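Here is a briefing on the structure shown below.

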There are 2 protein chains.
Amino acid sequence: MSLKTLATSLGLSKTTVSRALDGYDDVAPATRERVKAAAQAMNYTPNPIARRLSRGASETVALVVPAEPGRFYEPVLVEMLSGLGETLAAHGYHLMLMTARPGEEEEKVYRRLAVARTADAAIVVRTRVNDPRIALLAESGFPFVALGRSETPHRFAFIDGDAQEAFRAATERFIAQGHRRIGLLATSPKLSFTRYRRAGFSAAMADAALNADAVAECAPTEEGGAAAAAILLASAPRPTAILCMTDRIAIGAMSAMRGLGLRPGVDVAIIGHDNIPASPYADPPLATMELPLADVGRGLAQKAIALINGASPEDLCEVRPVQLIWRASAGLAPSDGLLPIKRDSSMGGENET
Amino acid sequence: MSLKTLATSLGLSKTTVSRALDGYDDVAPATRERVKAAAQAMNYTPNPIARRLSRGASETVALVVPAEPGRFYEPVLVEMLSGLGETLAAHGYHLMLMTARPGEEEEKVYRRLAVARTADAAIVVRTRVNDPRIALLAESGFPFVALGRSETPHRFAFIDGDAQEAFRAATERFIAQGHRRIGLLATSPKLSFTRYRRAGFSAAMADAALNADAVAECAPTEEGGAAAAAILLASAPRPTAILCMTDRIAIGAMSAMRGLGLRPGVDVAIIGHDNIPASPYADPPLATMELPLADVGRGLAQKAIALINGASPEDLCEVRPVQLIWRASAGLAPSDGLLPIKRDSSMGGENET
DNA sequence: TCCAATTGTCAAACCGGTTTGGACCTCCCC
DNA sequence: GGGGAGGTCCAAACCGGTTTGACAATTGGA
C-alpha cells in the first residue's frame, strides 16, 4: 500500500507512479492507465501525512473555539460549523478543532498554530473589541479569517453580520409601535458584536430623543438573561420593550417576565438575535434577527482557501445583512394593520438611571 | 527553525538535539540544558507533520458527524465536543471534524479514514440499530469508540446512556400520577437510541397492563415534534401524558399543545430528554432526562486513547445512568406531597389505536 | 545522414523529524 | 596494562511521499 510497493510491483519507479497518479502529462497514456488500474486494484491511497510533509502544507484549517472549562461558549456556532466543514471538505481541506480558554492558554494555542504551522489557515470566532488573537496572527503573517469585526489595528479578512443596522431597525420599529422606555440586555462589552448591536440601539434611541440607559449586562445564556431581565424589569419606569443580544438571553428574559406576572409580547415586547431553532416555538414565538450562519460558514471557508492561495486579506472583508424576523413576542406592528402597543409610561423626566 | 538549523547553530548533530529535547538519558545534562535554552531562544517547535510521518501516527482523532446538507444533525453534540476536545488536547491529540451525509458519501469517508489512516482513531456518533459504519470500521480493525450502542454484530467500544431505564422510570412515574393513556413521540427507528427509549416506555406500560400504542414518529426537531404531537393529541382517547425522545421534540410538542388550547403540565404532562439549556426556561419548565454529555465526551476521548495504546474494545463498553429531572411540564409528582394529576380518562377499552 | 527536439522514465535529493547501531572516550577493576 | 562498563555523541537509514535534473529512446526536420 505504499508508493514503493506499488511501483516495484508494476516494475516502475516511484517517480513515474507518483506522476501518473497526479495527472502529469509526461507519462505515457498507456502507463498511466496501467498505474491507475493497479492503484485501484491494490486499494492504494497516498499517505496524507507524507504528502503534507513534502508539499509543505497541512491541508488543514483550524478552528479555535474559545471554551469555558465545561462547555463550548456558543452552540450557535454549530450551524456555522456545518457550512464550514462542508466547503472545506469539498476543496480537500480538513477541519481541525481546537479549544482554548481565553487567557494564557489561548495565546499559547494560537502561537503554536502560527509557529508550527499545524494548519494552513485559521478561523477565529467570537472576535473581541481588542483581540490579542487577531494581533498575534496578523503580526506573524498567518492566514486567518474572523467571524466578526474587531477594532484591533490590523487589516484582516472577516465576515460579519450587520447587526448594528438590524438593532437600529428593531429599535425604530419598537419606537414606532409606541414604546418610549426601551431596554437592552447586552453581552460582555469585550465582544465586538456587543458594541455594534448596542450602537444600533443607541443611534435609534438618540434619533428619537429617547434615553438609552436601560441597559443591563449579562452572560450569553438563558440564566444570564433571566437574571438581568429581572433587574431591568424592576427599574422605574419599567421598560415596555427589550432588545436582547441573543435569543438565548431573550428566552431567559421571557421566563423572568412570566415569573413577575408579565406577559411577553403583551405587557413587554421582546426581540432576540440568532433565530435559533427554538425561537419560533417559544411562548410566544420569539421575534429575532437572523444571519444565515451556514452560509457564513461556507463564506469563511472560501476566504480561508483564498488566503492560502495568496489572496490578500484586505480584499476579503464582508458585512452581510441581518434580517429582522418579527414574531408575536415583539407585539404587533403597525404595518400589520393592528394598533401598536401604546404605553407612554410617564417618560417626562428620563434622565435618571 | 528546523531541527538541522538548530543543531548546526549549536555545533551538535540532529540526533543529539532531538534526543535532548525528548528527554532521553543518553545526553549529558549540560548539553541538554544548552539545547533546551537554545530551542527556547530560537522559538523552535518540532514540525508536527514530520514527527507524525516518522512516528507513523497522526496524533489525531476523527469525529465524523452525520450531517444533512445544510446543518449538523444534532446541536446537542456540541456539549460532548467540548469534553472531547479538551481531553484529547490534554493528551496531545488533535480533533479532526469530518462531515458525511448518511449514504454513499458516508461510506467513502469512513473507508478513506480506515485505509489512509488520516487519524489514529475515530469517534462514531448517532449510532444506528444496524450501522454500516461500525461494521466497516470493526472489520478493517480501525480503532473507534461509539456514542451509543448498536446491534451490529461486532464487539466495539462505546459509551451509552441508560435511557431505557430512564424512560421506564418516567413512564412509571406518569402511571403513578394517574395517567393511563400515555403517548410517545419517537425518533427514527433506525437510530439505536430510539429502540432503547421505546423499550423502556413499552416495558413500563406492559407492566401496568396499559396499551402502548400512542406512538408517533417524528423528525428530531421542534418542527417534527409539533407536527407529530398535533396528530397524537387529535387521537381518541387523547393522551394525558407524552414522553418525547428529545427536548427539542418536546418544545415543539408544547407549542402544538398551546395551539390546541391545551396547557402543558396541566392538561397534558410532558417530558423530554437531553436537558438542553433552554429546557429549564421553557413555559412551563420542561421535565427531562439528562446524561452529562461533557463527561461523556471526556470518556470517549479516554477510551479512544486507550484503544490507540492497544486496549481491547471489549473492555471499553460502558452504560451510564441517565438522571430524571422532574419539572412543572410533567405535572406534580406524588412525592412532592401534592395530589397527583388524576385523570382516569375512560380507559375501559384500550385496544384501539 | 545527422542533429535537434520531444517523449517517457528514473535515480537521487528533499521535506523534517525519529531511531538504529556504532564510534569514541573515560573510568574502574582485576 | 588489558578489558569491560558506562557515558556521550553522531552518521546514516527511515517514514512515504513530491520534485528536480538527467538520461535513453524515439521522432522530425534539414
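Strand 2 of chain A pairs with strand 2 (residues 94-100) of chain B in the antiparallel sense, over three bridges. The model is predicted. At this pairing, A:Met96 stands opposite B:Met96.

**Strand 2 of chain A**
- Strand 2 of chain A also pairs with strand 1 (residues 60-66) of chain A. That pairing is parallel and runs over seven bridges.
- A:Met96 is the bridge partner of A:Ala62.
- Strand 2 of chain A, residues 94-100, is mostly covered. Seven of its seven residues are buried.
- In a regular strand, side chains alternate between the two faces of the sheet.
- Here both faces are covered. A:His94, A:Met96, A:Met98 and A:Ala100 are buried on one side. A:Leu95, A:Leu97 and A:Thr99 are buried on the other.

**Contact between chains A and B**
- Chain A gives 44 residues to the contact, and chain B gives 44 residues.
- On the side of chain A that touches chain B, the elements giving two or more residues are helix 4, helix 5 (77-90), strand 2, helix 6, helix 10 (222-234) and helix 11 (247-259) of chain A.
- Helix 5 of chain A supplies the largest share of that side, seven residues.
- The residues on that side of chain A divide into 22 nonpolar, 13 polar and nine charged.

**Surface near DNA strand D**
- There are 26 residues around DNA strand D. A:Leu3, A:Ala50, A:Ser54, B:Ser13 and B:Thr15 come nearest.
- Helix 2 (14-22) and helix 4 (48-55) of chain A each give two or more residues to this surface, as do helix 2 (14-22) and helix 4 (48-55) of chain B.
- By residue type, the surface near DNA strand D holds eight nonpolar, 11 polar and seven charged residues.

**Surface near DNA strand C**
- Around DNA strand C there are 26 residues. Those that come nearest are A:Ser13, A:Thr15, B:Leu3, B:Ala50 and B:Ser54.
- The elements giving two or more residues to the surface near DNA strand C are helix 2 and helix 4 of chain A, with helix 2 and helix 4 of chain B.
- The surface near DNA strand C divides into eight nonpolar, 11 polar and seven charged residues.

**Helix 7 of chain A**
- Helix 7 of chain A spans residues 132-140, and its buried residues are A:Arg133, A:Ile134 and A:Leu137.
- Why do they lie on the same side of helix 7 of chain A? They cover an arc of only 95 degrees around the axis.
- An α-helix has 3.6 residues a turn, so residues three or four places apart point the same way.
- The cover over the buried residues of helix 7 of chain A includes helix 6 (104-116), strand 3 (121-124) and strand 4 (144-147) of chain A.
- A:Gly141 follows helix 7 of chain A. The phi of A:Gly141 is positive, near 70 degrees.

**Nonpolar core**
- The largest nonpolar core has 197 residues. A:Leu185 and B:Leu185 have the most contacts inside it.
- Leaving out residues up to four places away in sequence, B:Leu185 touches B:Ala216, B:Cys218, B:Gly225, B:Ala228, B:Ala229, B:Leu232, B:Ile242, B:Cys244, B:Met245, B:Ile249 and B:Ala253.

Terms used. Residues numbered from 1 in each chain as written. Chains lettered and ligands numbered in written order. Predicted model: local features only at pLDDT ≥ 70, side-chain atom pairs only at ≥ 80, totals over all residues. Buried ≥ 20, exposed ≤ 12 C-beta atoms within 10 Å, placed from the backbone. Helix = DSSP H or I, 4+ residues; strand = E, 2+ residues; numbered from the N terminus. Pairing = 2+ DSSP bridges. Near = placed C-beta within 6 Å. Nonpolar A, V, L, I, M, F, W, Y, C, P; charged D, E, K, R; others polar. Arc of directions from axis to C-beta. Contact = placed C-beta atoms within 7 Å. Core = buried A, V, L, I, M, F, W, Y, C linked by C-beta atoms within 7 Å.
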